[in-house]
Amino acid sequence: MSMDKARLPATARPRRHWRRRLLALFVVFAALAWLLQPQRSGPFMLARLGESLGLQITVQSIDYRLRGTPEVTLDGLVVTQPGHPEPLLQARHARIALPWQTLRSRGNPLVFDRIEVEAPRLDLVATQRWLASRPPAPPTKIPLITHGIGLRDGSIVAPDWRIEGISITAATLHPRQPLHAHVAGRYRDATISIPARLEIIIADPQALPDGMASTIEARGTLALIGTDWALPAQLVAHAPLRFGEGTIRMDPAKLGIVGRYRSGTTSVPFRLGLYGRIIHAESRWTFDPATAVLAGGDVLPEVSVRGSAVLGEDLRLHLAGSMASWPQAWPALPAPLAGSRSPFGLTLDYAGAPALDALISLALRRDATRFDARFRRADVVAWLDATAGSPLPPLQGTLATPRLVLPGATLDGVEIEIEDSRTTSDAVTP
């Protein structure tokens, strides 16, 4: 009797172990079954991710694959900040592939196989509002993406401008190795459109979120397109790039541009070299101090200037320098100006729309002769294209010179004023 009682706990104990094992297996299989139903588990995981970021993340559909290289596919992605209906980010389709190594290490280090995104749309104002609400965070760690990035048909939207048709492709991304990427897109605002297609090299990608400088090189094509003119060009650029608190800084930046100005029947080739400090802050690009060298054969003068340029909702230019000689394609100068070998002193000021539709102020000096003029680019271009009309350009101006030698006459103490009804008195602030 006593021996039977002693054996009972020994026989019951294995049964209890089996029950625990069966319960554990049931939990594991239930979890796997839940994980293998993306439409149930996916939104839950996105909700947890959104809570950690102070965001609400929803998708129309989600799917993932665990065989081979794990892969997550999202359709109809919408990211909003709670309490604000405007989405920060939307995307038609996104595919993220990441190796088992990343899952096993819980993202440390963060390695992806490939990232693809179709039709992402970033709202700049909504994104800035969300970023301002976030607590300070350590610098972003750029992941390793072994088989690259593919982004197409993207857009960035701001109140007064947008960049559309964005595409970015890169064969691979390593945080500490040069990034080679192809970038395309089109900037638009109320007055100008700028399509661009560039090849970009960033020497040290991780340096940028760390607040350090990294060399950036760019080459490719772009065009500035206004309502009645276009300026297609090829670009080469080189600069140390640095991100700061709400700023982008390139100092010094070097740019070489070869292009052609077109308006009506006018077509003028040119070469332009730029050197100086470029800073973006508070929605404005500032190029100051800036040095520019312009040449254009017989039509455009050889000009070398220093000054500043500020581009935001409007454009402000203040440039001063010299013009080496009078272009051969321009009307001949009278004596004694024609015989002088002195360069022309030049000052140019502009404040107005980026399309250069407002008044331009220009001052030229040579020896004791000076010429001050105000004109509109579109009026002068139309005058150049015209086959008949006034022999004088459409501008307001004053010419003062101690002597002019004309056929049959010599004039001393000359001062000429030119008035044109099309040139209004818009302010031009240096």
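**View 1. R403 is partly exposed, with a relative accessible area of 41%.** The model shown here, as in every view, is predicted. The side chains of D412 and R403 meet in a salt bridge. From N to O, the distance is 2.8 Å. Side chains of opposite charge can pair when their charged atoms come close. The structure holds 18 salt bridges in total, and the pair of D412 and R403 is one of them.

View 2. How many helices and strands does the protein chain have? There are 5 helices and 24 strands. The chain has 430 residues, and buried residues make up 32% of them. The chain exposes about 25,600 Å². Carbon and sulfur atoms supply 61% of that area.

View 3. Strand β3 covers residues 71–80, and E71 is part of it. The relative accessibility of E71 is 16%. Buried means under 20%, so E71 counts as buried. The side chain of E71 makes a polar contact with the side chain of R95, at 2.7 Å. Which residues does E71 touch, not counting those up to four places away in sequence? They are D63, Y64, R65, R95, I96 and A97.

**View 4. R95 and E116 form a salt bridge between two strands.** The closest N and O atoms of R95 and E116 are 3.0 Å apart. R95 lies in strand β4 (residues 87–97), while E116 lies in strand β6, so the pair ties together parts that are 21 residues apart in sequence. Is R95 buried or exposed? R95 is buried, because its relative accessible area is 19% and the cut-off for buried is under 20%. E116 has a relative accessibility of 25%, which makes E116 partly exposed. E71, R95, R114 and E116 are joined in a network of salt bridges.

**View 5. Strand β9 pairs with strands β6, β7 and β10.** Strand β9 covers residues 149–157. Start with strand β6, residues 114–118. β6 and β9 run parallel, and 4 bridges join them. Look for V117, which stands opposite L151 in β9. Next comes strand β7, residues 121–123. β7 and β9 also run parallel, joined by 3 bridges. The bridge partner of L122 in β9 is I156. In a regular strand the side chains alternate between the two faces of the sheet.

**View 6. A hairpin joins β9 to β10.** Do β9 and β10 pair in the parallel or the antiparallel sense? They pair in the antiparallel sense, over 7 bridges. Strand β10 covers residues 162–170. G150 stands opposite T169 in β10. The hairpin passes from β9 to β10 through 4 residues. R162 and E164 form a salt bridge here, with their closest N and O atoms 3.3 Å apart. R162 is partly exposed, at 32% relative accessibility. E164 is partly exposed too, with a relative accessible area of 24%.

**View 7. Helix α4 has its buried residues on one side.** Helix α4 covers residues 124–133. Which residues of α4 are buried? They are A126, T127 and W130. These residues cover an arc of only 100° around the axis, so they lie on the same side of α4. Now turn to the start of the helix. There, a side-chain oxygen of D123 reaches to within 3.1 Å of the backbone nitrogen of V125.

**View 8. R377 is a buried residue of helix α5.** Helix α5 covers residues 377–385, and R377 is found in it. R377 counts as buried because its relative accessibility is 10%. A polar contact of 3.3 Å joins the side chains of R377 and D357. What else is in contact with R377, leaving aside its neighbours within four places in sequence? Beside D357, the contacts are D228, W229, Y261, A355, L356 and I360.

How values were computed: Residues numbered from 1 in each chain as written. Predicted model: local features only at pLDDT ≥ 70, side-chain atom pairs only at ≥ 80, totals over all residues. Heavy atoms only, no water. Buried < 20%, exposed > 50% of the residue type's maximum accessible area, 1.4 Å probe, protein only. Polar contact = N/O pair within 3.5 Å; in protein donor to acceptor, adjacent residues only side chain to side chain. Contact = heavy atoms within 4.5 Å. Pairing = 2+ DSSP bridges. Arc of directions from axis to C-beta. Salt bridge = Lys/Arg side-chain N within 4 Å of Asp/Glu carboxyl O. Areas by Shrake-Rupley, 256 points an atom, 1.4 Å probe, with all protein chains shown as cover.
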